[in-house]
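Please open the model in your viewer and keep the selection tool at hand. The tour below goes from one selection to the next.

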Amino acid sequence: MQPIIDRPIRWGILATGGIAISFVEDLLAVPGAEAFAVASRREESARAFAGRHGIAHAYGSWQELAADPEVDVVYVATPHAAHHAATALLLEAGKAVLCEKPFTLNSGQAAELVALARKREVFLMEAMWTYLDPTVRRITELVADGAIGEVRSVQAEFGFTAQEDPTHRLWDPAAGGGALLDLGVYPVAFAQLLLGAPESVQAWARLTELGVDANTGILLGHPGGATALLSCSLDVQCGQRASVQGSAGRIEIDRDFFHPAGFTLHRDGAEPEVFTGPAKAGHGYGLEAAEVMRCLRAGETESPLVPLDSTLSVMRTLDAVRERIGVRYPGE
């Protein structure tokens, strides 16, 4: 892949929903980024989106966006179930891709996309903003430096209450509905950032009549006896808290662990240290765009901060959780 050095990087946006709106609003504030084109399955949606955000080109099909020779990279903002098809189309066309999380419905689909990107030598990254968040990165640095000793346990929760509605994507098996893919990907990714891939996976869940998980608890066993106790829910409003516990202290995140405002470091025998992260710019998606652009300017096909192997590892864990709780999506 040839580096893009001496001009703005031209972004395409695939889909026009709420997360695409937030991404574009942040993208407009990223130096050197140009919101160049948008595509939807309905041309009127694409034109309306383009008009609201000052985007020059609007397409009524994914294929048109993939075929535009002036588009450098595409942000895939479709619902989960369309990630694989959209990303494969773009990679085949030679487009760099930032794909929203969860990366795909399952690890098999994820492995296909990673193999395709590597074969075509095209950039691909999951939009896992947690791995790019400067406060989370500070936590990983402290852990790596031994601030709390050897990590023995990670706990994280993510949940909110949602009215059960079989017509909404959150509750639709065909759309990859349920708490796990929408919310559980965050605590699993956070735990694996600190502990790596688990050796064992246990899980329990309340399933809806349509067979998606509404409330799920996960216990991961890691090498050396470390554990991760995680939960995700559409049944209860959680605090979005997380804790990293080590042999010589712990780190507590009181709110929004996936992009926290700060955290408290408790070292054994010392007073607590409160860390406040930098002020968040926009919705937080600019971090993703900036890392993609850094990679494209450097000629890199994978991000070292959001590596594809980590994405695959998280997807394998999510598959194992679904196997334990008995969730399968149509076509699997």
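**First stop: the largest cavity**

Select Glu-126, Met-128, Tyr-131, Ala-189, Val-306, Ser-310, Thr-311 and Val-314, which line the largest cavity, where, on a 1 Å grid over the protein atoms alone, a cavity is a set of points at which a 1.4 Å probe fits but cannot get out, and lining residues have an atom within 4 Å of a point. This is a predicted model, in which local features need pLDDT of at least 70 and side-chain atom pairs count only at pLDDT 80 or more, while totals for chains, interfaces and linings use all residues. Residues are numbered from 1 along each chain as its sequence is written, and side-chain values use heavy atoms, with hydrogens and water left out.

The largest cavity holds about 30 Å³ of space, and helix H9 (residues 308–325) gives the most to its lining, with three residues.

**Second stop: a ring pair**

Now select Phe-23 and Tyr-75, whose rings form a stacked aromatic pair, 3.8 Å centre to centre with 10° between the planes; rings pair if their centres lie within 6.5 Å, and planes under 30 degrees apart count as stacked. Phe-23 lies in helix H1 (residues 18–27) and Tyr-75 in strand E4 (residues 73–76), so that the pair links parts of the chain 52 residues apart. Phe-23 is buried, with a relative accessible area of 1%, and Tyr-75 is buried too, at 0%, where buried means under 20% relative accessible area with a 1.4 Å probe.

**Last stop: a cluster**

Finally, select Trp-129, Phe-158, Tyr-186, Phe-190, Phe-257, Phe-258 and Tyr-285, which ring pairs link into a cluster.

Note on methods: Rings of Phe, Tyr and Trp (its six-membered ring) pair if their centres lie within 6.5 Å; planes under 30 degrees apart count as stacked, over 60 as edge-to-face and the rest as tilted. Helices (H or I, at least four residues) and strands (E, at least two) are DSSP runs, numbered from the N terminus. Buried means under 20% relative accessible area, exposed over 50%, partly exposed in between (1.4 Å probe, protein chains only). On a 1 Å grid over the protein atoms alone, a cavity is a set of points where a 1.4 Å probe fits but cannot get out, and a pocket is an open set with protein on both sides within 12 Å along at least five of seven lines; lining residues have an atom within 4 Å of a point. Grid points are joined across faces, edges and corners, and a volume is the space filled by probe spheres set on the points.
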